[in-house]
Structure formats: C-alpha cells, structure tokens
Amino acid sequence: MSATATTTIRVRPLGAVIGADIEGVDLAALDDDGFARIARAWADHLVLRFRGQKLTDVDLMQFSRRLGALDRVPIRAAGVVMAADPRLAIAPEAAEFVSVISNVKIDGKAIGGLGNYESHWHTDMSYNDIPPMASALYGIEVPPTGGNTSFASMYAAYDALDSETGARIDGLTCIHDASRNSVGELRRGFAEIADPQQTVGARHPLVRTHPVTGRKCLFLGRRRSAYIPELPLAESEALLDMLWAEATRPEFCWTQVWQPGDLMLWDNRCALHRRDDFDDRHQRIMHRTQICGDRPY
Ligand code: OGA
Ligand code: MN
C-alpha cells in the first residue's frame, strides 16, 4: 500500500473547543509528514477521530508508537478473561499492549473491560505517578445506539475560571483514587475507600502545564474519592465539586457517536472523557492502546 500523501490530509473541527476529524488518511500506511500533520492537529484539537480505518492490532500498535512508548495493559477488573473466540481476541503478539473494551461475554465471562456500563468523567490512569499521555480506541463493533463517548477540554475549563479561583488552585495538588476503574469497579488488590483523606493513588498538581503546547489546564482525573491534601476535607470536597461542575459544562464538550472503523485518539493530559451506557443485547468491541506520558507539572 502506498504511503498517505500529506496533501490529502484534511482537518475538520468537530466541537467548538475539542475534537477534529482527520480525513484522507490510512493510518496503516502513514508517512512521517502525515504523522507530523496529525501531531500538530492533535495539539490544537486534543481529540482526533479517524473514520473508515481498517487496522490490525499491529497497525494500531505501530500508529500509537509514533506518539511514544506503549503502556502495558492496565490491571483487569476481576472476572475479565481472554476471549476464547479468536475473532474477538487480540493478536497474541499484541497481548501486552492492546486491551479489549467490550461487553461481550463468552460462557459467562467478559472478553474485555468496562462492560456496557456508563463511565463517569475521568482521564485514564491518572492514579499513577506517570499517567499515560494518550489513549487510542478503535471501534470494531458498535451498538446501534448508546455507548457514545464524550470529551471535555480542560484548557477551556481552566481558561473560564475566574481569576480568584485560578489563583487559589494554582499550587494545590490532588490525590487521584487508584482503587476503582472508570466504571466504578473495585480493582484487584484494592480496598474500599470510605474517607477521601485515606485515598491511595498518585498526587498531582490540580493545574498542569501541557508539555507540548505549554498551556495550563485543569487536571482532575476522577471525582470519586479525590482529595486535595492541602485543605480540610469539607473544603476539599466543596472546591472539587465546584471545579468538576465547571469543567464539564456542555460548551467545553463534544460527543463521539461511534461507527465501526473509527479510531479515536485522545490526550489524557488536557481532556476528560466519559461514556454512556448501552443495551447489553448489543455487542460493542473495541481495541485500545495507551501511550506513556510524563510526570505532570
Ligand atoms: C477507555 C474508556 C470509553 C469507551 O477506554 O479508557 O474510557 O467509549 N472508554 O469505551
Ligand atoms: Mn477511559
């Protein structure tokens, strides 16, 4: 297959402050100029969609690796097993780096993560000291309705804060809860958290600077069990509630309605995402990579 000529690549914004379609590109045959164009568009739009792709797991890994080293697959929720059906499984050579996001069950056992549940606003694995910079999610089979994925710009959220709030949160940190995954399932080896002051997880600045764009943005991770250790619990709760309400205002968001062959690439440093639930009678099968990032500052 011939390499994609840069001149054919078009960038079409999707939301007012987040999201763009990248058209005229075959990600399985991307040249360096094409990648450079994509990298610039990604810095501008935070979330990119590539429609009509036909990617093997190895293609998905190769494209993802252009952004940086791949992260190993996250700890599975209890009960998730590898698929027995080879049509649904990831390629053996990809097992270390490609994970399955799916509600499909074989013999009562889930082939992938997140089921058909709603996931609340979050950014991926920010409970680690060095969270992934990006996630790439490739839609293989999607339900006719539901299971949409929304994204919110944390640059827009930060920029919209009044100056008093901006000054107050600059310099504060937040502890990001490691105990549950994005659909609220307790992860293996973690105990229930009743008091946010006891939360186990990484401590990051509430406002981070994007290492590529140099812009500041809110870095919230996930609301559940979050704690700002510089503040008494009640003040931390009130401030986090306020910031979360501001951060996810509709004007900062855009929603992806999936088609098979869509590859979504999002920037975990400056965007939140969430997912709608969907009818479990339909199959949703996605393959996913994560790209390693830097320590937030
Ligand atoms: C994820 C995630 C959203 C979706 O893979 O990190 O949040 O649409 N998935 O399945
Ligand atoms: Mn996620």
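**Entry 1: β4 and β7.** I began with strand β4 (residues 99–102) in this predicted model, and I found that β4 pairs with β7 in the parallel sense over two bridges. Looking for a residue pair at this place, I noted that S102 has L114 in β7 as its bridge partner.

**Entry 2: the sheet around them.** I then looked up the sheet that holds these strands, and it is an open one of eight strands, in the order β1-β2-β3-β16-β9-β18-β4-β7, with mixed pairing. Its edges are β1 (10–13) and β7 (113–114), and since each of them has a single partner strand, one side of each is left without a neighbour in the sheet. I reminded myself that strands of a sheet pair through backbone hydrogen bonds, either parallel or antiparallel.

**Entry 3: β16.** Which strands pair with β16? On one count, I found strand β3 (residues 47–50) paired with β16 in the antiparallel sense over four bridges, and here F50 stands opposite L263. I also found strand β9 (residues 134–141), which runs antiparallel to β16 and is joined to it by five bridges; in this pairing A134 has D267 of β16 as its bridge partner.

I next asked how many residues of strand β16 (residues 263–267) are buried. The count is five of five, so I wrote the strand down as mostly covered, with buried meaning under 20% relative accessible area. In a regular strand the side chains alternate between the two faces of the sheet. In β16 I saw L263, L265 and D267 pointing one way and M264 and W266 the other way, and all of these are buried.

**Entry 4: H287 in β18.** I looked for H287 and found it in strand β18 (residues 285–291). Is H287 buried or exposed? Its relative accessibility is 5%, and because buried means under 20%, H287 counts as buried. The side chain of H287 also makes a polar contact with the side chain of D57, at 2.7 Å.

**Entry 5: the four-stranded sheet.** Turning to another sheet, I noted that it is open, with four strands in the order β8-β17-β10-β15 and antiparallel pairing. The edges are β8 (119–122) and β15 (253–256), each with a single partner strand, so that one side of each has no neighbour in the sheet. The twist from one strand to the next averages 15°. Within this sheet I followed strand β10 (residues 149–153) and strand β17 (residues 271–275), which pair in the antiparallel sense over five bridges, and I saw that T149 stands opposite R275 in β17.

**Entry 6: ligand 1.** Both T149 and R275 came up again when I listed the surroundings of ligand 1, which also include L114, W266, H273, R284 and R288. By class, I have the shell as four nonpolar, three polar and four charged residues. What distances separate oxygen atoms of ligand 1 from N or O atoms in the side chains of T149 and H273? For T149 the distance is 2.5 Å, while for H273 it is 3.0 Å. A polar side-chain atom of R284 lies 2.7 Å from an oxygen atom of the ligand. On its own, ligand 1 has 290 Å² of accessible area, of which the protein covers 98%.

**Entry 7: Y227.** Last, I looked up Y227, which has its place in the loop between β14 (216–218) and α5 (233–247). Y227 is buried because its relative accessible area of 8% is under 20%. I also noted V183, 44 residues from Y227 along the chain, with 19 Å separating the C-alpha atoms of the two residues.

How values were computed. Residues numbered from 1 in each chain as written. Chains lettered and ligands numbered in written order. Predicted model: local features only at pLDDT ≥ 70, side-chain atom pairs only at ≥ 80, totals over all residues. Heavy atoms only, no water. Pairing = 2+ DSSP bridges. Axes fitted to C-alpha atoms, helices over the stretch in contact; angles between N-to-C directions. Near = heavy atom within 4 Å. Polar contact = N/O pair within 3.5 Å; in protein donor to acceptor, adjacent residues only side chain to side chain. Areas by Shrake-Rupley, 256 points an atom, 1.4 Å probe, with all protein chains shown as cover. Nonpolar A, V, L, I, M, F, W, Y, C, P; charged D, E, K, R; others polar. Buried < 20%, exposed > 50% of the residue type's maximum accessible area, 1.4 Å probe, protein only.
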